[in-house]
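Hi,

Here is the structure I said I would pass on to you. Have a look at it first, and then read my notes below.

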Amino acid sequence: MELNFLIQGSEPDPYRVKFRREGSKFTATCSCRAGEMGQVCKHRMGLLKGDVSGLVSGNGDQLIHLPGMFTGTDVERAFERLAEAESALEAAKDEFFKRKKALARVMLD
């Protein structure tokens, strides 16, 4: 199965985002600069998270198939680990700012 989308980014021409599943292998590509350099880009991540804000190809209804396409693949596990790391990062930021405020209060006493 293959899904193709056009996402309007910072360039005049939309980026081409493609998701493909063959057997147990799932791939996702994007024509943006980060995607072409092999980095995770916000266009693929946005679509994986269901964000259609930049979608210009008019086929947002196809996103319903995307979660099932990477179920059971190494991409699914990596995506889950990234989500766990994001949650841990947010919790660490909250704790950092809480302790920073506590330090400021103590320094004023």
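To get you started: in which helix do E95 and K98 lie? Both are in helix α4 (residues 74-108), three residues apart, about one turn of the helix. Helices here are DSSP runs of H or I with at least four residues, strands are E runs of at least two, and both are numbered from the N terminus.

A word on the ground rules. This is a predicted model, with residues numbered from 1 along each chain as its sequence is written; local features need pLDDT of at least 70, and side-chain atom pairs count only at pLDDT 80 or more. Totals for chains, interfaces and linings use all residues, while side-chain values use heavy atoms, with hydrogens and water left out.

**Salt bridges**

Side chains of opposite charge can pair when their charged atoms come close. The rule used here asks for a side-chain nitrogen of Lys or Arg within 4 Å of a carboxyl oxygen of Asp or Glu, and that gives nine salt bridges.

E95 and K98 make one of them, with their closest N and O atoms 3.7 Å apart. For accessibility, buried means under 20% relative accessible area, exposed means over 50%, and partly exposed is in between (1.4 Å probe, protein chains only). E95 has 31% relative accessibility, so it counts as partly exposed, and K98 is exposed at 54%.

E11 also has a partner, R33, with 3.6 Å between the closest N and O atoms. E11 lies in the loop between β1 and β2 and R33 in helix α1 (residues 33-36), so this pair ties together parts that are 22 residues apart in sequence. E11 is partly exposed because its relative accessibility is 35%, and R33 is exposed because its value is 61%.

R77 and E84 form a salt bridge too, at 3.8 Å from N to O. R77 counts as partly exposed at 35% relative accessibility, and E84 is partly exposed at 47%. Look as well for E2, R20 and E22, which are linked in a network of salt bridges.

**Aromatic pairs**

Rings of Phe, Tyr and Trp (its six-membered ring) pair if their centres lie within 6.5 Å; planes under 30 degrees apart are stacked, over 60 edge-to-face, and the rest tilted. The count comes to five aromatic pairs. F5 and F19 are an edge-to-face pair, 6.2 Å centre to centre with 65° between the planes. F5 sits in strand β1 (residues 2-7) and F19 in strand β2 (residues 15-22), so the pair ties together parts that are 14 residues apart in sequence. Both F5 and F19 are buried.

F26 and F70 make a tilted pair, with 5.6 Å between centres and 45° between the planes. This one links distant parts of the chain, 44 residues apart: F26 is in strand β3 (residues 25-30) and F70 in helix α3 (residues 66-70). F26 and F70 are buried. Together F5, F19, F26, F70 and F79 form one aromatic cluster.

**Strands**

Two strands count as paired if DSSP finds at least two bridges between them. β1 and β2 run antiparallel, joined by six bridges, and I7 stands opposite Y15 in β2. β2 and β3 are also antiparallel and have six bridges, with K18 opposite T29 in β3. Which residue in the turn of the hairpin has a positive phi? That is G23, at about 65°, in the turn of the β2 and β3 hairpin, which has two residues between the strands.

**Pockets**

On a 1 Å grid over the protein atoms alone, a pocket is an open set of points where a 1.4 Å probe fits, with protein on both sides within 12 Å along at least five of seven lines; lining residues have an atom within 4 Å of a point. The largest pocket holds about 260 Å³ of space, where a volume is the space filled by probe spheres set on the points. It is lined by 13 residues, with V40, R44, M45, L48 and V75 nearest its centre. Helix α4 gives the most to this lining, with four residues.

The second largest pocket has a volume of about 170 Å³.
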